[in-house]
Amino acid sequence: MSFVIPKNLEAELDELATHYPVKRSASLMFLHALQEHFGFISNDAAEWTAGKLGLQPIHVYELITFYPMFRQEPIGRTQVKVCRTLSCALAGAAGIREHFCRKLGLDPHAHVPQTTPDGRFTVEFVECLAACGSAPVVLVNESLHECVGKGQADEILARGK
Amino acid sequence: MDSNHDKQIQSLLCYRYTIGQCGTGEKIERKSIESSIAMPQELKLILKHADEPGYGPDIGCYLKHGGYETLKKALKAPGRELPDGKKLSAQEAFRGDVRTSGLRGRGGAGFSAGLKWSFVDRSSGKPIYLICNADESEPGTFKDRQILHKDPHQLIEGMVLSCWANDVKLAYIYIRGEFPEGARLLNRALAEAREKEFLGKNILGTGYDLEIWVHRGAGAYICGEETGLIESLEGKRAYPRIKPPYFPAVLGLYLCPTIVNNVETLCHVKHIAAMGPAEFARLGTPNNTGTRIVSLSGDVQHPGYFEVEVGKVTIGELIFHENFGRGLKPGRQLKAVIPGGSSSKVLKAGEVFSLKRKGADGQMIPVDVPMLDLPYDFDSLQSAGTMSGSGAVIVMDDSRSMVDALANLAEFYAHESCGQCTPCREGALWMAKGLHRLTHGGGRKEDAAYLTHIAQNIQGRTICAFGEAAAWPVLSFVEKFWEEFQARGEADAAARTEAGSGANSNLKPYSYA
């Protein structure tokens with residue numbers, strides 16, 4: 001396996017594993033850390049995790065394919081998650097998502113995550129982000145944007161990496 | 001105002017709110033004494049400081065506001081002797097206090113927190129775990145977010161107290177993956193608490209050891225279900241466990257006795273310790289004690305979160321009162337209210353419920369209560385055939401289509417079903433597909449009955465309550481707005497007949513990944 005993991009990340013993961021009396025429990029936290037570092041979870045990363053935690057690879061793959069936040073392919077540098085659930089929908093979330101898509105030349109009707117060809121943006125609909133009082137909300141990488149109108153959507157795109 | 005009146009109000013407030021002040025600086029204030037009698041308003045216990053300018057999530061700020069004083073006092077408390085001569089340890093006594101406070105779980109089920117603690121198997125010899133459920137993801141709910149982001153130390157203090165009372169040495173905060181900032185803040189707060197000896201080995205020199213770790217979810221709603229959460233914390237898919245035998249209090253995390261409590265519930269534990277159970281129980285209404293944070297969203301002028309005494313404010317006041325929702329958008333009429341998160345059954349404007357109330361002679365008599373006059377508490381909403389669930393109120397006005405709203409929710413449940421039980425996995429998807437058809441020009445006359453039929457075959461036939469959560473919105477929306485569903489299907493069918501085709505060739509297939 002040509003998979004190389006930086007020493008400091010491995011140390012961080014070793015420390016995380018000590019939080020649990022049963023090592024398998026650390027797998028979600030491992031996958032978060034690996035995804036954060038590499039941008040996605042490669043097969044090599046999944047199998048490395050399995051080896052590290054004394055699991056079979058399937059025990060890791062079944063997590064990656066179950067939990068929506070994990071991905072097996074790289075995505076855009078700026079990830080735009082538009083909440084689609086009821087309160088945001090009532091506040092016009094569908095229009096905001098469409099606005100992002102049109103501005104970026106993506107299919108405004110496709111429901112699945114879409115990435116721009118230059119690898120800058122990924123736009124997707126996600127379920128309730130628990131900020132319904134300031135709908136519609138958009139999670140851009142790790143920061144939450146509230147009461148998002150088209151103007152604010154344009155600013156998000158302008159600031160995108 | 002005349003001073004006599006002023007005095008009257010103050011003495012009333014004294015009676016209700018200040019007697020129970022204890023030495024920890026815990027003080028309850030109304031926003032304005034003057035208006036407290038006439039107006040329904042917030043009473044901030046948990047969110048007392050959260051939104052004050054300059055109040056931050058760091059330990060210095062928390063300590064400055066009397067933070068961890070309750071913990072210090074509780075850990076030093078002696079045991080208690082009961083009138084019958086029975087001696088209780090300090091922990092036993094506090095567990096009893098939580099029970100007599102009447103605290104009910106704020107996560108959704110509204111189950112007595114003290115009773116839940118009392119189910120813990122303390123004789124197995126296995127370690128007891130406590131998990132804070134911070135997987136806030138019931139659509140409409142955004143209350144735990146406020147605590148996690150603005151006052152994480154309050155949660156930690158509540159957790160340490162709860163862990164101490166239950167002999168827990170290792171606890172976790174399971175926070176949803178979409179709260180990365182919350183996870184960071186919690187990790188920092190835990191490190192600060194360790195440094196000050198509120199956490200770790202030999203807490204405050206008492207010999208009590210406790211460690212709390214943050215564990216992040218990864219976008220699955222089902223992790224909010226306590227046994228699903230436990231599976232997820234064990235590093236597996238969040239497939240809920242069947243009860244019996246897997247009651248967390250007996251066979252929870254690593255098949256050890258486990259307590260799973262919501263963020264808000266654990267914060268209340270701190271306030272019960274600070275105020276005493278009797279004083280806590282004086283807040284709210286009988287069997288619905290304390291305060292709770294209501295998340296208000298949808299078609300109101302002023303959406304937001306409001307901490308109120310349970311049952312002291314009605315649904316109508318939450319929507320229309322100046323201190324809360326401030327009414328609907330101009331020119332709009334109320335159509336429907338989802339009272340306790342998207343899984344609760346919808347309430348229709350104008351509905352009247354027959355509730356049992358205590359009459360003058362002490363007998364329970366049935367009283368007609370219009371929907372807007374329902375007190376926002378656990379029992380009244382249950383009597384009205386729904387639930388206050390996670391405390392999330394979603395308001396819809398007459399510009400909204402109930403068919404579209406339900407289609408949105410059905411899509412949520414189809415996406416979030418964990419897939420373990422066939423009726424839920426398939427049924428949730430069928431309902432979403434049926435509603436997709438109905439909202440995209442492909443409806444049929446029989447769709448309203450079809451949706452009800454599927455929902456009825458899901459509820460009660462699944463391992464966990466997700467089956468009901470997915471079925472109840474469909475059952476209640478279709479039943480209460482039958483004509484609207486029927487009309488949509490008939491209109492589509494008529495349009496097809498006119499066009500001379502049996503099926504709608506323009507209808508895009510349901511494609512939610």
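**Entry 1: a salt bridge between domains**

I started at E351(B), which forms a salt bridge with K480(B), the closest N and O atoms lying 3.0 Å apart. I count a salt bridge when a side-chain nitrogen of Lys or Arg is within 4 Å of a carboxyl oxygen of Asp or Glu. The model is predicted: local features need pLDDT of at least 70, side-chain atom pairs count only at pLDDT 80 or more, and totals for chains, interfaces and linings use all residues. Residues are numbered from 1 along each chain as its sequence is written, chains are lettered from A in the order in which they are written, and side-chain values use heavy atoms, with hydrogens and water left out.

**Entry 2: domains 1 and 3 of chain B**

I looked up the domain assignment of chain B: domain 1 (3-23 + 288-397), domain 2 (59-279) and domain 3 (402-499). The bounds come from an automatic or database domain assignment. Over C-alpha atoms, the centres of domain 1 and domain 3 of chain B are 29 Å apart. Twelve residues from each of these two domains make the contact (heavy atoms within 4.5 Å).

I then took the buried area, meaning the accessible area (1.4 Å probe) that two parts lose on being put together, summed over both. For domains 1 and 3 of chain B it is about 1200 Å², with 67% from carbon and sulfur atoms. On the domain 1 side, K335(B), K345(B) and V346(B) lose the most area, together 41% of what that side buries.

The rule finds two salt bridges across this interface. I also noted seven residue pairs in polar contact, both residues at pLDDT 80 or more. A polar contact is a pair of N or O atoms within 3.5 Å; within protein, one must be able to donate a hydrogen and the other to accept it, and residues adjacent in sequence count only if both atoms are side-chain atoms.

**Entry 3: chain B against chain A**

Next I turned to the chains. Here 59 residues of chain B are in contact with 40 residues of chain A. Together the two chains bury about 3900 Å², 60% of it on carbon and sulfur atoms. In chain B, R216(B), A218(B) and R237(B) lose the most area to chain A, together 17% of what that side buries.

How many salt bridges lie between chain B and chain A? I found two. R184(B) and E142(A) meet in a salt bridge at 3.0 Å, N to O.
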